[in-house]
Amino acid sequence: MSPTAMSTELSKLKFIDPRGRGFGGKLNGLKFKAKNLGRERFHCPWCEYKGPFRDHVDANARREHAQCPRCLSKERHRLQFLALGELAKRPRVTSDRVLHCAPEPFLARALRQQYTNYESADLYAQGVDHRVDLRDLPFEDARYDLVFASHVLEHIDDDRAAVREIHRVLRPGGIAILPVPIMGEVTVEYDEPNDDEAGHVRAPGVDYFERYRDVFAEVEVFSSEDFGEEHQTYLYFEGEWRSHWPPRPPFLRDAAGGTRFTDFVPVATA
Ligand SMILES: [Zn+2]
């Protein structure tokens with residue numbers, strides 16, 4: 001596929017139906033809007049819904065304005081979508097063969113419809129194309145044009161090996177999109193998987209993307225600040241989730257101050 005054709009393909013992402021374009025999604029959006037008339041309004045770049053977003057509540061925290069009630073996109077999905085849109089404007093994005101690691105259904109559906117050569121991979125999940133370990137991929141060098149692994153590396157002990165493998169299976173100039181949750185300024189490694197943080201083996205900090213720079217030719221980082229406030233790609237936290245860890249001393253990491261956090265999408269070029 002030519003660069004121009006791929007650019008056009010990517011720019012059409014918003015017109016396909018990840019979720020929420022159908023009757024049910026629209027009805028959910030309308031119902032939520034009607035019940036939340038006074039709330040702040042946003043604009044979902046995935047499904048074009050305009051109105052208030054849902055809060056996301058789990059055991060650790062309440063995240064305000066997290067989820068689109070029509071298509072169910074969360075902050076990171078919207079940010080990743082907007083970053084993909086920026087990349088699509090550039091002729092150098094010629095991705096045709098895509099490896100999507102630990103595929104979230106939300107983005108998998110969109111990518112599957114976009115790429116003839118879409119392949120999914122996971123260590124455990126059923127129904128993927130490849131059951132593989134990112135630290136030791138069974139693929140030849142330079143097989144892929146794009147590797148997408150969102151919120152994966154914080155689960156892998158030897159993440160540097162995984163980054164090297166991702167680089168190896170990319171063609172020169174191919175890109176890897178590797179977002180992780182940023183928990184503070186400095187990355188903190190845990191001795192064992194942290195069950196209170198979905199089994200993460202580290203809390204990545206702002207310095208984490210240096211690990212990509214050690215291996216890749218170039219790393220560009222998109223952030224919430226690059227896109228309009230109306231798309232709501234920030235993380236709002238009440239509660240303890242971004243505080244120090246563990247709950248009692250000795251703490252392994254510092255508490256992150258504030259209630260609104262910027263999210264990031266690092267794009268590494270091989
Ligand atoms: Zn939406």
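Asn 117 is found in strand E6; helices (H or I, at least four residues) and strands (E, at least two) are DSSP runs, numbered from the N terminus. The model is predicted, so local features need pLDDT of at least 70 and side-chain atom pairs count only at pLDDT 80 or more, while totals for chains, interfaces and linings use all residues. Residue numbers start from 1 along each chain as its sequence is written.

Asn 117 has 14 C-beta neighbours inside 10 Å and therefore counts as partly exposed. On this scale a residue is buried if 20 or more other C-beta atoms lie within 10 Å of its own, exposed if 12 or fewer, and partly exposed in between, with C-beta atoms placed from the backbone. Leaving aside residues up to four places away in sequence, Asn 117 touches Asp 96, Arg 97 and Val 98; contact requires that the C-beta atoms, placed from the backbone, lie within 7 Å. Leu 99 is 18 residues from Asn 117 in sequence, and their C-alpha atoms are 8.6 Å apart in space.

E6 pairs with E5 in the parallel sense over 5 bridges, where pairing means that DSSP finds at least two bridges between two strands. In this pairing Cys 101 stands opposite Ala 121 in E6. E6 is also joined to strand E7 (residues 130-131) by 2 bridges, again running parallel. Here the partner of Ala 121 is His 130, and Asp 122 stands opposite Arg 131.

These strands belong to an open sheet of 7 strands with mixed pairing, in the order E7-E6-E5-E8-E9-E15-E12. E7 and strand E12 (218-223) stand at the edges with a single partner strand each, so one side of each has no neighbour in the sheet.

What is the burial state of E8? In E8, 6 of the 6 residues are buried, so the strand is largely enclosed by the rest of the structure. E8 runs parallel to E5, joined by 4 bridges, with Phe 148 as the bridge partner of His 100. E8 and E9 also pair in the parallel sense over 4 bridges, and Tyr 144 has Leu 170 in E9 as its bridge partner.

E8, H5 and E9 make a right-handed β-α-β unit; right-handed means that, with the strands pointing away from the viewer, the path from the first strand over the helix to the second runs clockwise. The buried residues of H5, among them Ala 162, Val 163, Ile 166 and Val 169, pack against E8, E9 and helix H6 (210-213).

The largest nonpolar core has 58 residues, of which Cys 101 and Val 147 touch the most other members. Such a core is a set of buried Ala, Val, Leu, Ile, Met, Phe, Trp, Tyr and Cys residues joined through C-beta atoms within 7 Å. Elements that each supply at least two of its residues include helix H3 (75-88), strand E5 (97-101), strand E8 (144-149) and helix H5 (159-169). H3 gives the largest share, 6 residues. Val 147 touches Leu 99, Cys 101, Ile 166, Val 169, Leu 170 and Ala 176, not counting residues up to four places away in sequence.

Across the chain there are 6 helices and 15 strands. Buried residues make up 41% of its 270 residues. Of the contacts between residues at least 6 apart in sequence, 64% join residues at least 24 apart.

Technical notes: Two residues are in contact if their C-beta atoms, placed from the backbone, lie within 7 Å.
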